[in-house]
Amino acid sequence: MVSFRRRIGALTGRRRMGILQDAILLAEAGKTRTSASLELMKQFAVQGEFLIWAEIVASMHRIQETWWEQPADVRHAMLAFGSSMFGPLVKRLGLKHIETDDADTRLFRVLAISGRGGGGRPKVD
């Protein structure tokens, strides 16, 4: 896993985003397992780049929209996955804007909170 993360880090943000988009599209087309795409999201999220996180949010919303007919336990598992992904990010960024925050931090906070979505109320100190 560490070697995979090193390889990811060697890629440009643009390439990582393209790989993530391709993985999600292949899963949507039924050519790969959705779980593989979700695992890739977890690996890419380690990088902490806004554009990668924005793609993760968009992809998770697309999956949730596609899975509306799935049993409740499957939908709840997806929400729990979102919580596990975005909870630490929300905790790090906080829920409230601070006067000294720059525009990028504010935008990232909004993205993190929207990604957390229906995963329940985040616990933030």
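This is a predicted model: local features need pLDDT of at least 70, side-chain atom pairs count only at pLDDT 80 or more; totals for chains, interfaces and linings use all residues.
Where does D101 lie? D101 is in the loop between α5 and α6.

**Overall make-up**

The protein has six helices and zero strands. Read from the N terminus, its elements follow the order α-α-α-α-α-α. Of the 125 residues in the protein, 33% are buried. Among contacts with a separation of 6 or more, 58% come from residues 24 or more positions apart.

**Helix pairs that involve α4**

Helix α4 spans residues 50-66, and its packing is described here against α2, residues 13-28, and against α6, residues 103-116. The geometry of the two pairs is set out below.

| Pair | Angle | Distance between axes |
|---|---|---|
| α2 and α4 | about 10° | 10 Å |
| α4 and α6 | about 25° | 10 Å |

The angle of about 10° between α2 and α4 is under 35 degrees, so α2 counts as roughly parallel to α4. On the α2 side, the contact is made by G13, R16, M17, L20, Q21, I24 and E28. On the α4 side, L51, I52, E55, I56, S59, R62 and I63 take part. By class, this contact of α2 with α4 has seven nonpolar, three polar and four charged residues.

For α4 and α6, the angle is about 25°, and α4 is therefore roughly parallel to α6. The crossing of these two helices is left-handed. Helix α4 contributes F50, W53, A54, V57 and H61 to the contact, while L107, F108, L111, S114 and G115 belong to α6. Sorted by class, the contact of α4 with α6 has seven nonpolar and three polar residues, with no charged residues.

The residue lists can be read against helix geometry. An α-helix has 3.6 residues a turn, so residues three or four places apart point the same way. In α4, the contact with α6 includes W53, V57 and H61, whereas the contact with α2 includes I52, I56, S59 and I63.

**Helix α3**

Helix α3 covers residues 34-45 and has 12 residues. From its first C-alpha to its last, α3 reaches 17 Å, which is close to the 16 Å expected at 1.5 Å a residue. Its buried residues are T34, S37, L38, L40, M41, Q43, F44 and A45.

Not counting residues up to four places away in sequence, S37 touches A23, I24, A27 and T32. Of these, I24 also takes part in the contact of α2 with α4.

D101, in the loop between α5 and α6, is buried, with a relative accessible area of 16%. Which residues is D101 in contact with, leaving aside its neighbours within four places in sequence? They are K96, R106 and R109.

R92 is found in helix α5, residues 72-93. With a relative accessibility of 58%, R92 counts as exposed, since exposed means over 50%. R92 and R109 are 17 residues apart along the chain, and their C-alpha atoms are separated by 9.2 Å.

Note on methods. Residues are numbered from 1 along each chain as its sequence is written. Side-chain values use heavy atoms; hydrogens and water are left out. Axes are lines fitted to C-alpha atoms, for helices over the stretch in contact, and angles run from 0 to 180 degrees between N-to-C directions. Helices (H or I, at least four residues) and strands (E, at least two) are DSSP runs, numbered from the N terminus. Angles under 35 degrees count as roughly parallel, over 145 as roughly antiparallel, 65 to 115 as roughly perpendicular and the rest as oblique. A crossing is left-handed if the near helix is turned anticlockwise from the far one by less than a right angle, and right-handed if clockwise. Contact means heavy atoms within 4.5 Å. Ala, Val, Leu, Ile, Met, Phe, Trp, Tyr, Cys and Pro count as nonpolar, Asp, Glu, Lys and Arg as charged, and the others, Gly among them, as polar. The expected span of a helix is 1.5 Å times one less than its number of residues. Buried means under 20% relative accessible area, exposed over 50%, partly exposed in between (1.4 Å probe, protein chains only).
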